[in-house]
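Here are some notes to read alongside the model. Please keep the 3D view open and find each residue as you go.

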Amino acid sequence: MSAPKKLFIKTYGCQMNVYDSERMAETLGEQGYVETKSADDADMILLNTCHIREKAAEKVYSELGRFKGLKAEKPDLKIGVAGCVAQAEGEEIMRRQPLVDLVVGPQSYHRLPEMEAKARTGDKVLDTDFPEEDKFERLKRRPKAKRGPAAFLTVQEGCDKFCAFCVVPYTRGAEVSRPVDRILSEARDLVERGVREITLLGQNVNAYHGAGTDGSDWTLAQLIWELDKIDGLQRIRFTTSHPNDMQDDLIEAHGTCSKLMPYLHLPVQSGSDKILKRMNRSHTAESYLRVIERIRAARPDILLSGDFIVGFPEETEEDFQATMDLVKEVRYGTAYSFKYSTRPGTPAAERAQVDPAAADDRLQRLQALLTQQQREIQDSMVGREVGVLFEKKGRFPGQMVGKSDYLHAVHVSDCTREIGDLARVRIVSSGPNSLAGELID
Ligand code: 5AD
Ligand code: SF4
């Protein structure tokens with residue numbers, strides 16, 4: 001038997017890319033590949049890329065440049081680019097970086113084995129189609145490989161919202177929901193392999209409307225209730241949601257489904273109605289706040305997370321202050337904030353840009369406020385009892401690290417529990433990036 005070929009995958013960007021990388025590794029596993037953690041001994045290198053902001057896309061080209069020496073030493077090494085940069089700039093990548101043998105867009109991952117075989121013959125291969133067939137069903141699983149306790153599961157992909165700054169509707173395509181039965185069988189398979197927590201993924205996950213087991217379209221809440229029945233699955237999360245798709249049954253599930261964790265990522269982007277309108281967000285600051293109010297009525301302790309963009313075209317200091325006011329009103333447990341980045345092909349790219357120095361200054365002020373809120377909410381966990389799912393050993397003997405219900409990292413010393421155990425923990429202190437706790441017997 002010949003030695004297995006080695007695959008090195010580097011993943012950039014969102015959690016869906018993490019999920020996709022796992023699936024690509026599994027499907028290439030069928031071709032005799034095993035994963036390696038080092039690019040130096042790889043027979044194939046795959047960069048799974050992100051196009052959401054300019055910096056993210058540029059990283060790919062600088063990373064590719066670094067493989068020049070490696071490719072010179074190892075002519076059989078194949079280099080591939082996957083993900084959203086592949087989708088958006090496929091042919092340009094081939095032109096700009098001749099080292100690249102293979103370019104595959106997110107909707108074509110099930111075709112990787114054929115593409116890899118073709119690349120092995122010395123051809124350059126590019127596939128950025130949006131094929132009709134069900135990618136997820138055709139991506140082969142590595143049978144029964146053991147998994148860590150927390151996993152991602154894509155249930156919905158693509159977006160029809162067309163926010164004026166965003167490339168996702170172009171790179172991931174139109175909104176598609178996977179059928180419930182396929183999701184259930186994938187979830188059961190994950191649980192059999194040791195998974196205890198599943199995060200349902202979608203660019204617009206709460207717009208989920210897949211075919212249910214009774215033939216009608218189901219909501220995300222209906223899907224969650226079905227997953228709730230799986231023995232051994234202990235926690236359910238979902239991300240990312242749009243404020244306009246927060247339906248009543250989903251809000252209610254946050255109050256009644258014990259496996260659904262008290263954490264919600266609900267991007268708002270801006271607190272100014274003028275900017276929200278120009279962003280084509282189709283909600284106002286007020287309607288967003290009303291949604292938050294309803295969620296908190298159903299689940300008062302829910303930890304909220306958000307995304308923000310500062311320096312969007314035509315944003316004034318007054319608009320920015322409206323964002324700061326909204327943040328103060330909501331109080332986020334965690335948040336992601338970005339300076340607007342021009343993405344070619346999106347509507348906002350054509351508009352007058354805000355002075356970069358003003359945008360930098362706003363980003364700093366917003367991040368200072370968000371960090372302060374994050375800190376306060378994390379510190380307020382001290383003295384509370386929370387569930388912790390242990391995911392790995394800590395740095396010190398006897399120490400274990402896991403995630404709380406609210407997604408905070410928690411360290412427990414003298415821990416008698418194993419990886420994959422869900423335990424009750426009392427939080428005793430709050431550090432810069434994590435909490436410390438002790439087991440409650
Ligand atoms: N510039 C800056 N941030 C962006 N995002 C999406 N597109 C852009 C852009 N062009 C942010 C949004 C989104 C998150 C994933 O990335 O806040 O919610
Ligand atoms: Fe992009 Fe999200 Fe807007 Fe869709 S809803 S266009 S993914 S920011």
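1. Let's begin with a pair of helices. D248, I251 and G255 of α10 touch R294, I295 and A298 of α12, where contact means heavy atoms within 4.5 Å. By class, this contact has three nonpolar, one polar and two charged residues. Here Ala, Val, Leu, Ile, Met, Phe, Trp, Tyr, Cys and Pro count as nonpolar, Asp, Glu, Lys and Arg as charged, and the others, Gly among them, as polar.

2. A word on where this comes from. This is a predicted model, in which local features need pLDDT of at least 70 and side-chain atom pairs count only at pLDDT 80 or more, while totals for chains, interfaces and linings use all residues. Residues are numbered from 1 along each chain as its sequence is written, chains are lettered from A and ligands numbered from 1 in the order in which they are written, and side-chain values use heavy atoms, with hydrogens and water left out.

3. How do α10 and α12 pack? Helix α10 (residues 248-256) and helix α12 (residues 285-298) pack at about 35°, with their axes 7 Å apart. Axes are lines fitted to C-alpha atoms, for helices over the stretch in contact, and angles run from 0 to 180 degrees between N-to-C directions. Helices (H or I, at least four residues) and strands (E, at least two) are DSSP runs, numbered from the N terminus.

4. Now look at another pair. The axes of α2 (residues 54-65) and α4 (residues 83-96) come within 12 Å and cross at roughly 35°. On the α2 side, A57, E58, V60, Y61 and L64 meet V85, E89, E92, I93 and R96 of α4. That contact has six nonpolar, no polar and four charged residues.

5. Which residues surround ligand 1? They are I52, R53, F165, Q269, D307, I309, F338, K339, Y340, S341 and R343, each with a heavy atom within 4 Å of the ligand. Strands β13 (303-310) and β14 (334-339) each supply at least two residues of this shell.

6. Some polar contacts (pairs of N or O atoms within 3.5 Å) deserve a look. A backbone N or O atom of F165 is 3.0 Å from a nitrogen atom of ligand 1.

7. Finally, check the backbone. F162, in the loop between β8 (156-157) and α7 (168-171), has a positive phi of about 50° although it is not a glycine. The peptide bond from T239 to T240 is cis, with omega near 5°, and T240 lies in the loop between β11 (235-239) and α10.

Notes
A polar contact is a pair of N or O atoms within 3.5 Å; within protein, one must be able to donate a hydrogen and the other to accept it, and residues adjacent in sequence count only if both atoms are side-chain atoms.
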